[in-house]
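Here is a friendly briefing to read alongside the model. Have the viewer open and follow the topics in turn.

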Amino acid sequence: MGLMSRAGRALRRLLGRDVGATADDGVAQLYEERDFLTAYSAHTDLRVAADPQEAVGGMWEEIGALQVDFLKAQGLRPADHMLDIGCGTLRGGRHFIAYLDAGHYTGLDISPAALEYGRQLVAREGLADKRPRLLLGEGKDLSFAELGGARFDLALAQSVFTHLPPELIADCFAHLDGILAPGGRFFFTYHHADAFVQTGLKDFRYPLGHFQELAARHGLRLTDLSAAYAHPRGQRMVVVERGDGAGV
Ligand SMILES: C[S@@+](CC[C@H](N)C(=O)[O-])C[C@H]1O[C@@H](n2cnc3c(N)ncnc32)[C@H](O)[C@@H]1O
């Protein structure tokens with residue numbers, strides 16, 4: 001049985017069709033019984049089995065093109081090496097893979113089903129010769145151990161911090177110096193609120209100051225690029241780089 005049908009069965013079981021519970025109960029139970037990232041990984045698997053485009057938030061064409069157009073305007077070039085943190089089912093990744101030189105795109109995700117869908121998409125869209133690396137974040141953290149010391153000119157986390165609690169975002173910031181090349185930049189989006197608030201099982205909002213403090217702690221310069229980023233659901237966009245402008 002393929003990954004998708006296994007995930008589909010698990011989805012039906014978890015969403016309660018076999019036990020009479022509601023879908024929300026099944027998913028909430030997932031988060032009660034497992035650590036956050038293990039639950040989120042399973043949750044993403046289930047969502048991918050149900051609808052691979054909606055699993056990453058939908059607006060597939062619009063938000064996919066938005067990401068690559070924005071980063072090209074910020075200086076992304078085909079020769080750059082890029083890391084797509086939380087690449088999901090390649091809503092943005094398919095555009096980056098097509099644009100970048102062969103072997104220059106790496107996607108990292110905690111969901112095996114999302115990565116499997118991504119591999120199939122790469123083949124279907126004739127992008128196999130671009131040799132994207134699609135890696136499973138098995139450590140279920142953001143210490144980037146699975147990257148084996150590879151360094152990138154540009155890293156992106158689109159619609160990822162919108163779903164992560166503070167400790168995982170702190171983990172990511174603490175390990176940036178191990179993944180960015182000299183001059184490298186890390187772009188990420190977030191949902192704004194005047195104070196930190198969790199609005200769902202995996203939905204979090206932050207004030208900009210939260211990221212400014214993290215950047216200061218790690219000697220990074222932060223620039224708010226939100227005015228240049230027309231995200232249809234109002235996500236904000238920020239970039240961090242080393243304070244002296246030499247990259248992280
Ligand atoms: C809303 S989706 C966005 C996917 C993609 N960036 C896009 O814009 O289409 C968030 C993705 O981040 C992944 N993710 C969440 N936490 C992660 C982590 N710690 N490491 C790697 N991937 C993660 C999820 O599995 C999911 O596929």
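**Around F188**

Leaving aside neighbours within four places in sequence, F188 is in contact with A157, V160, F161 and V238, where contact means that two C-beta atoms, placed from the backbone, lie within 7 Å. This is a predicted model, in which local features need pLDDT of at least 70 and side-chain atom pairs count only at pLDDT 80 or more, while totals for chains, interfaces and linings use all residues. Residues are numbered from 1 along each chain as its sequence is written.

**Cores and overall make-up**

- F188 and A155 touch the most other members of the largest nonpolar core, which has 45 residues.
- A second, separate core of 14 residues includes A39, Y40, V48 and I110.
- A nonpolar core is a set of buried Ala, Val, Leu, Ile, Met, Phe, Trp, Tyr and Cys residues joined through C-beta atoms within 7 Å.
- Of the 248 residues in the protein, 41% are buried (20 or more other C-beta atoms within 10 Å of the residue's own; 12 or fewer is exposed, in between is partly exposed, and C-beta atoms are placed from the backbone).
- The protein has eight helices and nine strands, taken as DSSP runs (H or I of at least four residues for helices, E of at least two for strands) numbered from the N terminus.

**Helix packing**

- Helix α3 (residues 36–50) packs against helix α6 (residues 112–124) at an angle of about 40 degrees, with the axes 7 Å apart; axes are lines fitted to C-alpha atoms, for helices over the stretch in contact, and angles run from 0 to 180 degrees between N-to-C directions.
- That angle makes α3 oblique to α6, since angles under 35 degrees count as roughly parallel, over 145 as roughly antiparallel, 65 to 115 as roughly perpendicular and the rest as oblique.
- From α3, T44, D45, V48 and A49 meet P112, A113, A114 and Y117 of α6.

**Ligand shell**

- The ligand is surrounded by 24 residues, and the closest are V56, G86, G88, R91 and S159; a residue is near a molecule if its C-beta atom, placed from the backbone, lies within 6 Å of it.
- With three residues, α3 gives the most to this shell.

- S159 has a positive phi near 60 degrees and is found in the loop between β4 (152–157) and α7 (166–174).
- S159 counts as buried because it has 21 C-beta neighbours inside 10 Å.
- M59 has a positive phi of about 45 degrees and lies in the loop between α3 and α4 (60–73).
- M59 counts as partly exposed because it has 16 C-beta neighbours inside 10 Å.
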